[in-house]
Amino acid sequence: MSLIGRIIVILFAFCVASMVGGTIIIFSILFPELSAMDTGMVNPDAINVLIGFGFIFFSGFALIPALIVVVITETFNIRAVLAYALGGAVVGLACYLGLIPYDATTMTFDGIVRRHLEVMTGAGIIAGLIYWVIAGRNAGRWKQPRHLPPQPDATAKP
């Protein structure tokens, strides 16, 4: 039963981390001018739609790499925050490089935009940290037996 509960926590943590990562990507790539404070507010309905698309984008591309990180950390009981930050960075990097054309003859990626690479890696780091806060701190604990409080002995005389 504890495994089913753990899977539910992992799915919830992945969804929240994907939402945060997608939001970071949307705001930093589509709205770089928001860093200037003199611009007006953006339409809130447009922001909600873009956050939804960011969630779908980030969770769709990050599912397999993030699943690999989750399986490794759950298997080896890794609970260190740095492991999740590095895992998130690798997932963000994998998501970005999965979108860039790869030239097999020269073995290079064509058209890497450094700012986009930094944004995706940073969003992966933040998403990894959010995942750690929700689910990573207890990685592998479902495998450990529960310690029950001592029960009173029924055969003891009062």
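Is S28 buried or exposed? At 17% relative accessibility, S28 counts as buried. That's a handy place to begin a walk through this model, which is a predicted one.

**View 1**
Leave out the neighbours within four places in sequence, and S28 is in contact with R115 and V119. V119 also turns up in the next view, as one of the residues that I25 touches.

**View 1. I25 in the largest nonpolar core.**
What does I25 touch, once residues up to four places away in sequence are set aside? The list runs L30, F57, F58, V119, M120 and A123. I25 belongs to the largest nonpolar core, a group of 21 residues. Those with the most contacts inside this core are I25 itself together with F58, A62, V91, C95, M120 and Y131. Which elements give two or more residues to the core? They are α1, α2, α3 (81–99) and α4. As a bit of background, nonpolar side chains in soluble globular proteins tend to be buried together.

**View 2. Helix α1 passing helix α4.**
The axes of α1 and α4 come within 8 Å, and they cross at roughly 150 degrees. That angle makes α1 roughly antiparallel to α4. The crossing of α1 past α4 is right-handed.

**View 3. Helix α2 against helix α3.**
This view turns to α2 and α3, whose axes come within 9 Å and cross at roughly 140 degrees. The two helices are therefore oblique to each other. Which residues make the contact? From α2 come F57, F61, A62, P65, A66, V69 and T73. From α3 come Y84, G87, V91, A94, C95 and L99. As for handedness, α2 passes α3 in a right-handed crossing.

**View 4. Helix α3 packed on helix α4.**
Here α3 and α4 pack with their axes 7 Å apart, at an angle of about 140 degrees. That makes α3 oblique to α4. On the α3 side, look for V81, Y84, A85, G88, A89, G92, L93, C95 and Y96. They meet H116, L117, M120, T121, G124, I125, G128, L129, Y131 and W132 in α4. Once again the crossing, α3 past α4, is right-handed.

**View 5. The salt bridge between R6 and E74.**
The model has two salt bridges by count, and this view shows the one where the side chains of R6 and E74 meet (2.6 Å, N to O). R6 sits in helix α1 (residues 2–30) and E74 in helix α2 (residues 44–75), so the pair ties together parts that are 68 residues apart in sequence. Are its two partners buried or exposed? Both R6 and E74 are buried.

**View 6. The salt bridge between R114 and E118.**
In this second pair, the side chains of R114 and E118 meet at 2.9 Å, N to O. How far apart are R114 and E118 in helix α4 (residues 114–134)? They are four residues apart, which means a separation of about one helical turn. R114 counts as exposed, at 62% relative accessibility. E118 is partly exposed, with a relative accessible area of 45%. In general, side chains of opposite charge can pair when their charged atoms come close.

L97, in helix α3, is partly exposed with a relative accessible area of 22%. Along the chain L97 and F109 are 12 residues apart, and their C-alpha atoms are separated by 7.8 Å. Leaving aside neighbours within four places in sequence, L97 is in contact with F109 and I112. Then there's S2, which lies in helix α1 and is partly exposed, with a relative accessible area of 36%. S2 and F109 are 107 residues apart in sequence, and 43 Å apart in space, C-alpha to C-alpha.

Note on methods. Residues numbered from 1 in each chain as written. Predicted model: local features only at pLDDT ≥ 70, side-chain atom pairs only at ≥ 80, totals over all residues. Heavy atoms only, no water. Salt bridge = Lys/Arg side-chain N within 4 Å of Asp/Glu carboxyl O. Buried < 20%, exposed > 50% of the residue type's maximum accessible area, 1.4 Å probe, protein only. Core = buried A, V, L, I, M, F, W, Y, C linked by side-chain atoms within 4.5 Å. Contact = heavy atoms within 4.5 Å. Axes fitted to C-alpha atoms, helices over the stretch in contact; angles between N-to-C directions. Parallel < 35°, antiparallel > 145°, perpendicular 65-115°, else oblique. Left-handed = near helix turned anticlockwise from the far one by under 90°.
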